[in-house]
Amino acid sequence: MYSVSKLRSLLVCSALAVATALPVFAADLAFGNSRETSDLPVQVEADQLSVNQKDGTATFTGDVRITQGEMLLSAPHVQVIYSENSKKIVRLMANGGVTIVNGPDAAEAQKADYDIDAGIVLLTGNVLLTQGPNVMKGEQVSINLDAGTAQVDGRIRTTLETKE
């Protein structure tokens, strides 16, 4: 049985290990160089395409794979929303089980909403983020690709490696 002082020491060491690891994990949440490639063309592969000229959307279904530079988004269903003049993609909304990969970084969720101009990716529903050995789970994750920050909401579960 541990004494109170031994337990206190273990808790302080554990807290320091987590506090030391957190800035490293948060700093790396920019998903590689995705903002460096945000002006590159968006390439889409899918089994089906439905276009709605009235509301400026295109809906891709069936093994949808979207790439922009090194970033890959895959899902069974993705809606692409164009600007009012229909010349520029402004938003991608994916659902049905989404995977986003950029280099060694990856995320999985039930839904993703990528606001391309704002550089914000909102992932919802059983979100799993992995970066190297670090893993984080939550119900909602908002990633700001410009700032390289993330906000995780819901019950959060994480594993953070403290060694290099």
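**Entry 1: the elements**

I began with the secondary structure of the protein, which comes to one helix and 10 strands. In my count, helices (H or I, at least four residues) and strands (E, at least two) are DSSP runs, numbered from the N terminus. From that end, I read the order as α-β-β-β-β-β-β-β-β-β-β.

I noted that this is a predicted model, where local features need pLDDT of at least 70, side-chain atom pairs count only at pLDDT 80 or more, and totals for chains, interfaces and linings use all residues. Residues are numbered from 1 along each chain as its sequence is written, and side-chain values use heavy atoms, with hydrogens and water left out.

**Entry 2: the protein overall**

I looked up how much of the chain is covered: 33% of the 164 residues count as buried. Here buried means under 20% relative accessible area, exposed means over 50%, and partly exposed lies in between (1.4 Å probe, protein chains only).

The accessible surface comes to about 9,800 Å², and carbon and sulfur atoms hold 53% of that surface. These areas come from the Shrake-Rupley method with a 1.4 Å probe; for residues, only the protein chains shown count as cover.

I then turned to contacts, meaning heavy atoms within 4.5 Å. Among contacts in the protein with a separation of 6 or more, 35% join residues 24 or more positions apart.

**Entry 3: the nonpolar core**

Which residues touch the most other members of the largest nonpolar core? I found V78, I100 and L123, in a core of 28 residues. Such a core is a set of buried Ala, Val, Leu, Ile, Met, Phe, Trp, Tyr and Cys residues joined through side-chain atoms within 4.5 Å. The elements giving two or more residues to this core are β3, β4, β5 (89–102), β6 (105–115), β7 and β8 (134–144).

Leaving aside neighbours within four places in sequence, L123 is in contact with I100, A107, A109, K111, A112, E139, Q140, V141 and I143.

**Entry 4: the cavities**

Rolling a probe the size of a water molecule over the atoms shows where empty space is left. A cavity, on a 1 Å grid over the protein atoms alone, is a set of points where a 1.4 Å probe fits but cannot get out, and lining residues have an atom within 4 Å of a point. Grid points are joined across faces, edges and corners, and a volume is the space filled by probe spheres set on the points.

I counted two cavities of 30 Å³ or more. The largest cavity holds about 60 Å³ of space. What lines the largest cavity? I listed V42, I66, T67, Q68, M71, L72, L73, L92 and Y114. Both β3 (57–68) and β4 (71–82) supply at least two residues of this lining.

**Entry 5: two positive phi values**

Most residues other than glycine have a negative phi. I looked up D63, in strand β3, where phi is positive and near 50°. D63 counts as exposed, at 56% relative accessibility.

N126 lies in strand β7 (residues 120–131). Is N126 buried or exposed? I found N126 exposed, with a relative accessible area of 53%.

**Entry 6: a few single residues**

T59 is in strand β3 and is buried, at a relative accessible area of 19%. Apart from neighbours within four places in sequence, T59 is in contact with Q48, L49, S50, H77, V78 and Q79.

D115, in strand β6, is partly exposed at 22%. Leaving out neighbours within four places in sequence, D115 is in contact with V90, R91 and I120.

D117 is found in the loop between β6 and β7 and is partly exposed, with 44% relative accessible area. D117 and V90 are 27 residues apart in sequence, and their C-alpha atoms are 6.3 Å apart in space.

I156 sits in the loop between β9 (149–153) and β10 (157–159), partly exposed at 41%. With neighbours within four places in sequence set aside, I156 is in contact with M136 and K137. The C-alpha atoms of I156 and M136 are separated by 7.2 Å, at 20 residues apart along the chain.

Key
1 Å grid on protein atoms, 1.4 Å probe; cavity = no way out; pocket = protein on both sides within 12 Å on 5 of 7 lines; lining within 4 Å.
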